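Hi there,

Here is the structure I promised to pass on. Have a look at it first, then read my notes below.

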Amino acid sequence: QVFQGQCAACHASGAAGAPKPGDTAAWAARLKSGFDALVTSAIKGKGAMPPQSGGEFTDFEIARAVVFMANQSGAKFDEPKPPAPAASAGTPAASAAK
């Protein structure tokens, strides 16, 4: 759902030079940099794109938006796995870590 919000504001219209999903020519060089580089740019910001597309998103949400746009543009990235839930203080694993 991230793409429908913040990402769509620029990428759907191509504002500020943002590559549109599906524009394989515009995405070609970016895709060569790889998934991790694309996610890092999206999280930290690059050029006119502010960090996290100007929103408050988890790294997982940003990674999913990158996969969504990149795969429409010629990539074949796997959907990222959701982060493992943090252990609560009452679980044996959390107690053993103390």
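Helices here are DSSP runs of H or I with at least four residues, strands are runs of E with at least two, and both are numbered from the N terminus. With that in hand, the chain reads α-α-α-α-α along its sequence: five helices and zero strands.

Some housekeeping. This is a predicted model, where local features need pLDDT of at least 70 and side-chain atom pairs count only at pLDDT 80 or more, while totals for chains, interfaces and linings use all residues. Residues are numbered from 1 along each chain as its sequence is written, and side-chain values use heavy atoms, leaving out hydrogens and water.

Now the whole chain. Of its 98 residues, 31% count as buried (buried is under 20% relative accessible area, exposed is over 50%, and partly exposed is in between, with a 1.4 Å probe and protein chains only). If we take contacts (heavy atoms within 4.5 Å) between residues at least 6 apart in sequence, 43% of them join residues at least 24 apart.

Next, the inside. A nonpolar core is a set of buried Ala, Val, Leu, Ile, Met, Phe, Trp, Tyr and Cys residues joined through side-chain atoms within 4.5 Å. The largest one has 16 residues, and Trp27, Leu31, Leu38, Val66, Ala70 and Phe77 touch the most other members. Elements giving two or more residues to this core are α2 (24–32), α3 (35–44) and α4. The biggest giver is α4, with seven residues.

So what does α4 look like?

Which residues of α3 are buried? They are Leu38, Val39, Ser41 and Ala42. They sit on the same side of α3 because they cover an arc of only 160° around the axis (the arc is taken from the directions from the helix axis to the C-beta atoms). These buried residues pack against α2 and α4. The face of α3 turned away from them carries the exposed residues Asp36 and Lys44. Just after α3, Gly45 takes a positive phi of about 95°.

Cheers!
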